[in-house]
Amino acid sequence: MNEKFESIKNEILNGIEDLQSSKAVYELKKHFLDSKSGKIGLLMKEMKNIAPEERAGFGKGVNDLKEWALQRFAELDEKIKAKELQMRYEQEKIDVTEPAITVKNGNLHPITQMRNEIIDVFAGMGFEVMENKEIENDYYNFTALNTPKDHPARDMQDTFYLSPEFLLATQTSAAQIHTMEAKKPPIKILCPGKVFRSDDDATHSPMFHQMEGLVVDKKITLCDLKGMLDVFVQKIYGEGTTTRLRPSYFPFTEPSVEVDVSCFECGGKGCKLCKGTGWIEILGAGIVNRKVLSNCGIDPDEYSGLAFGIGIERATMLKYGINNIKLLFESDLRVLDQIDNN
Ligand code: DAH
């Protein structure tokens, strides 16, 4: 019998030599010590084949063997578990001095940022915002704006016609007509929108964004226009900037002006941005032509109006020193990341 006990002991000693994980220890322990199927457990079943006088010795032998085996497995289990814990510590080690991985947040597109900024400025002066149409009828885009068919000023805007009657809006100015048809003075609206022209170079894109402004009330003058635009340029381009008005021509305004902003780069001394002049052209504006008011059923003897049209890409390019309009449409994150006003 002793031989049998010895051989089980050897089997255990050999078996535990190569064990690497607590799971393997558990499996081997079960193989020997499981109360029903374990090798040592099964020895007890042999009791009935043992001569009665040897039974007590046999029982003690099995129990001693069991105790011995339990101890071996417990020692091994403790050793392997300590090793496993150590390995886990190594693997999960955190270097608290390592710089954190920064999370990049998305951003509004520079054109959207500029549009929102302009809206904020004029909303602060009491302007309401309205939607623009992208497909316009020839009447609203041109004729009602005092630009009838064959008027030479139509050449200023290379138009995408969809049919003889419909076209892609070339300017947000049509919003003036829609507003004045729907509403009587006092009017103070701002209308951002997409506009389209067959034009494509470093500073022009076939689709771009404009922001139309219209104020109609009693006794509106160029002074009101200049006052509002001064506030606009100061908020967008910084305190200390101002505007100057130069005579120009648009069929829907009389007088018409081209508005320059004092150079916010050099403060007016003359630099590359303002081409040495101290001034940068930023938008077109004027006093609403009497004909346009009449076209909308507003009496030009009682009311007058001012209007302006801001190119949002141009305003953005000037503010951020971008020299090619395509950079605003290519969505290259290396460029967009540099323009963040949020
Ligand atoms: N619609 C003109 C353009 O696209 C810009 C403009 C000029 C708008 C004068 C106006 C204005 O409201 O008064 O070139």
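Which residues does N132 touch, not counting residues up to four places away in sequence? N132 touches T172, A175, C191, P192, G193 and K194, where contact means heavy atoms within 4.5 Å.

## Basis of the model

This is a predicted model, in which local features need pLDDT of at least 70 and side-chain atom pairs count only at pLDDT 80 or more, while totals for chains, interfaces and linings use all residues. Residues are numbered from 1 along each chain as its sequence is written, and side-chain values use heavy atoms, with hydrogens and water left out.

## Domains

The chain is divided into domain 1 (2–92) and domain 2 (110–336); these bounds come from an automatic or database domain assignment. Taken over C-alpha atoms, the centres of the two domains are separated by 90 Å.

## N132 and N137

N132 is found in the loop between β1 (128–129) and β2 (135–137). Strands (E, at least two residues) are DSSP runs, numbered from the N terminus. N132 counts as buried because its relative accessibility is 15%; buried means under 20% relative accessible area, exposed over 50% and partly exposed in between (1.4 Å probe, protein chains only). Although N132 and M211 are 79 residues apart along the chain, their C-alpha atoms are separated by 9.4 Å.

N137 is found in strand β2. At 18% relative accessibility, N137 also counts as buried. Leaving aside neighbours within four places in sequence, N137 is in contact with E165 and F166.

## Cysteines

The count of disulfides, each a pair of cysteine sulfur atoms within 2.5 Å, comes to 0. For C296, the closest cysteine sulfur is that of C191, at 14 Å, so the distance is too far for a bond. C296 counts as buried, with 7% relative accessibility, whereas C223 is exposed, with a relative accessible area of 64%.

## Ligand surroundings

There are 16 residues around the ligand, of which Q171, S173, R197, Q210 and E212 come nearest. A residue is near a molecule if one of its heavy atoms lies within 4 Å of it.

An N or O atom in the side chain of Q210 is 2.8 Å from a ligand oxygen atom. The backbone also takes part: an N or O atom of A307 lies 3.2 Å from an oxygen atom of the ligand, and a polar backbone atom of F308 is 3.3 Å from one. The ligand taken alone exposes 360 Å², and the protein buries 92% of that; accessible areas come from the Shrake-Rupley method with a 1.4 Å probe.

Methods: Helices (H or I, at least four residues) and strands (E, at least two) are DSSP runs, numbered from the N terminus. A polar contact is a pair of N or O atoms within 3.5 Å; within protein, one must be able to donate a hydrogen and the other to accept it, and residues adjacent in sequence count only if both atoms are side-chain atoms.
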